[in-house]
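Work through these exercises with the model open. Each task is followed by a stepwise solution.

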Amino acid sequence: MPVNEDIRFRVMRALEADPKLSQRELAKSLGISLGVVNYCLKGLIEKGQVKVGNFRASGNKLRYTYVLTPRGVLAKASLTKAFLKRRVAEHEALIAEIEALQREINTEVIGQGDPEGVR
């Protein structure tokens, strides 16, 4: 079950913002399954990109912190660049599709008159 770059990026970004997030909280905030979060974290830990620490949340309940290591910060920077590149390409494709649809509507409206004032 390989975890795609977008999920790794989103997990690392969330952990950088709040290292005390539990796996359950991460899963809920990112809209992914707890199993995917667990699998992703294990991979990040094995690669040395995330370090696990302990802290007491309340009472006797022990929780973990997930801190990006220097290697993790570099990996996140690389993932951020790739993520941004993909999103820009998606944005450009969406703009091109919108413009094509607008031309299509304008062509149809010109051919049939403009009964509803569509533009």
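Contact here means heavy atoms within 4.5 Å. The model is a predicted one.

**Exercise 1.** Determine how α1 packs on α3, and which residues meet.

*Solution.*
Step 1. Locate the helices: α1 spans residues 5-17 and α3 spans residues 34-46.
Step 2. Take the geometry. The axes lie 10 Å apart, at an angle of about 80°. Angles of 65 to 115 degrees count as roughly perpendicular, so α1 is roughly perpendicular to α3.
Step 3. List the contacts. From α1 come Ile 7, Arg 8, Val 11, Met 12 and Leu 15; from α3 come Val 36, Cys 40, Leu 41 and Leu 44.
Step 4. Sort them: eight are nonpolar, none is polar and one is charged.

**Exercise 2.** Find which residues have the most contacts inside the largest nonpolar core.

*Solution.*
Step 1. The core holds 23 residues. Val 11, Leu 15, Leu 26, Ile 32 and Leu 41 have the most contacts inside it.
Step 2. Assign elements. Two or more residues each come from α1, α2, α3, β2 and α4. The largest share, six residues, belongs to α1.
Step 3. Follow Leu 41. Leaving out residues up to four places away in sequence, Leu 41 touches Val 11, Leu 15, Gln 23, Leu 26 and Tyr 66.

**Exercise 3.** Work out where the buried residues of α2 fall, seen down its axis.

*Solution.*
Step 1. Pick the buried residues: Gln 23, Leu 26, Ala 27 and Leu 30.
Step 2. Look down the axis of α2. Its buried residues fall within an arc of 95°, so they line one face.
Step 3. Turn to the face away from the buried side. Exposed Arg 24, Lys 28 and Ser 29 sit there.
Step 4. Check what follows α2: Gly 31, with a positive phi near 70°.

Conventions:
Residues are numbered from 1 along each chain as its sequence is written. This is a predicted model: local features need pLDDT of at least 70, side-chain atom pairs count only at pLDDT 80 or more; totals for chains, interfaces and linings use all residues. Side-chain values use heavy atoms; hydrogens and water are left out. Axes are lines fitted to C-alpha atoms, for helices over the stretch in contact, and angles run from 0 to 180 degrees between N-to-C directions. Helices (H or I, at least four residues) and strands (E, at least two) are DSSP runs, numbered from the N terminus. Angles under 35 degrees count as roughly parallel, over 145 as roughly antiparallel, 65 to 115 as roughly perpendicular and the rest as oblique. Ala, Val, Leu, Ile, Met, Phe, Trp, Tyr, Cys and Pro count as nonpolar, Asp, Glu, Lys and Arg as charged, and the others, Gly among them, as polar. A nonpolar core is a set of buried Ala, Val, Leu, Ile, Met, Phe, Trp, Tyr and Cys residues joined through side-chain atoms within 4.5 Å. Buried means under 20% relative accessible area, exposed over 50%, partly exposed in between (1.4 Å probe, protein chains only). The arc is that of the directions from the helix axis to the C-beta atoms.
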